[in-house]
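I set out to record what I looked up in this structure, entry by entry. The notes below follow the order in which I examined each site.

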Amino acid sequence: GYDNGKACSLDVNDKENLSRLIGANEIVVSLLPWVFHMKAARLCIEKKKHLVTASYVSKEMRQFGQEVKAKKLLFLNEIGADPGIDHMSAKKIIDEVHENGGKILHYYSYTGGLPAPEDNDNPFGYKFSWNPKGAVLASKNPARFLENGRIVEIPAEELFLNYRIEHVDGLGTFEVYPNRDSLLYQELYELHEAQTVVRGTFRYPGWCETFKAIIDLGLSEEKPVKKGSTLLQMMADLTDAGANEDVMIKTAKKLGLSADSKVIQRLSWLGLFRDEPIPEGGTHLDVLIHLLREKLRYQPGEKDMLLMRHRFTVENADRTRETIISTLVEFGIPNGDSAMARTVSLPLAIGVKLMATGKINLTGIQIPTKKVIYEPVLRELENLGIKLEEKRYPA
């Protein structure tokens, strides 16, 4: 619908066509799944083009740093919602505290893409506003964080045993589980004096115990399912249920739960105990993704919610202490753009505009933690109605 826009289809593995398209432009925006960014990145270096993504900087991407800088290119990554708005809104407060002679003693940051409360109507308390496979695989990562001066390491299999409860005024109670390696952000955010640096993910209550069960049962493993199996037979195999055993009861027993527990009820609602055929040639993970995609979807007119919260304990220059809480609650537009789509795409679009108009003079591999990026992006996001609300209290 835009005269100055041109749409075309592209196989990202078609290097010749990809190379031609990249060569014909000045700034390349890759919104591909993160595993494909490197195909674009290599060609951007070869063709001397700038690159923008909303994804975390991978080890492979970071290895291009010197070459990108030598060619005076900017590869701007992590400029979406999380990562993105979280970086910018946190760094704004951190820099303000440091500029005023203060210290950040404790920092907690939580984000979640969730159904709006009025559309939170299934037993899982969740619906997918992004790639279900990405969400499941992310739940299999170990976690590491700094709390009260102590480094805490959580192995992947114990991730969902280590959640805490967070209350958000007007929205209620949420579970929060730790997200990957928070210690990276002590350096990235210049929180050298901090005793606590914790990043986590918001979910409605019940999610953690349910996903712990899913992982313990092996449903997130990429192991082939027997040909011709039904969902019920797959669960019988996973729980070593005999021919005459009740598979649901056997599943509960394997998990150390009662058959009428909420976790078993959720697994039943998902369809895992149905005696129905499953796709041939799939893995346990494929079956899980298929069921999640089928049951945890947004219906027409429903709204998602992006919830982000930073909590800082600050020691000011005069030795007084205060708590700063910065919260973003963004709702999707019924039958329009989701909150996830808006909060991921708009920061990226603003970043591209700043690059195209020469407002960012940085080179190399960058994320939006520098003032030259975060100030104008946050300002324009506020003009678009996306703003974190800050509250301050004596600590």
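This is a predicted model: local features need pLDDT of at least 70, side-chain atom pairs count only at pLDDT 80 or more; totals for chains, interfaces and linings use all residues.

**Entry 1: Glu78 and its loop**

Leaving aside residues up to four places away in sequence, I found Glu78 in contact with Thr53, Ala54, Ser55, Tyr56, Val57, Pro83, Gly84, His87, Ile367 and Pro368. I located Glu78 in the loop that runs between strand 3 (74–76) and helix 5 (85–99).

I recorded a cis peptide bond between Asp82 and Pro83, with omega at about 15°.

**Entry 2: Asp240**

I next turned to Asp240, which has a positive phi of about 55° and is not a glycine either. I placed Asp240 in the loop between helix 9 (231–239) and helix 10. Because its relative accessibility is 62%, I listed Asp240 as exposed.

**Entry 3: Helix 11**

Which residues of helix 11 (residues 262–270) are buried? I listed Val263, Ile264, Arg266, Leu267 and Leu270. They span an arc of only 160° around the axis, and therefore sit on the same side of helix 11. I traced the packing of these buried residues to helix 8 (207–216), helix 10 (247–255) and helix 12 (284–295). Just after helix 11, I noted a positive phi of about 105° at Gly271.

**Entry 4: Strand 10 and its partners**

With which strands does strand 10 pair in the antiparallel sense? One is strand 4 (residues 103–115), joined to strand 10 over 12 bridges. Within that pairing I checked Ile104, whose bridge partner in strand 10 is Val314. Another is strand 11 (residues 321–331), which pairs with strand 10 over 11 bridges. Here I checked Thr313 and found Thr323 of strand 11 as its bridge partner. Strand 10 and strand 11 form a hairpin with 5 residues between them, and in the turn I recorded a positive phi of about 75° for Arg319.

Key
Residues are numbered from 1 along each chain as its sequence is written. Side-chain values use heavy atoms; hydrogens and water are left out. Two strands pair if DSSP finds at least two bridges between them. Helices (H or I, at least four residues) and strands (E, at least two) are DSSP runs, numbered from the N terminus. Buried means under 20% relative accessible area, exposed over 50%, partly exposed in between (1.4 Å probe, protein chains only). The arc is that of the directions from the helix axis to the C-beta atoms. Contact means heavy atoms within 4.5 Å.
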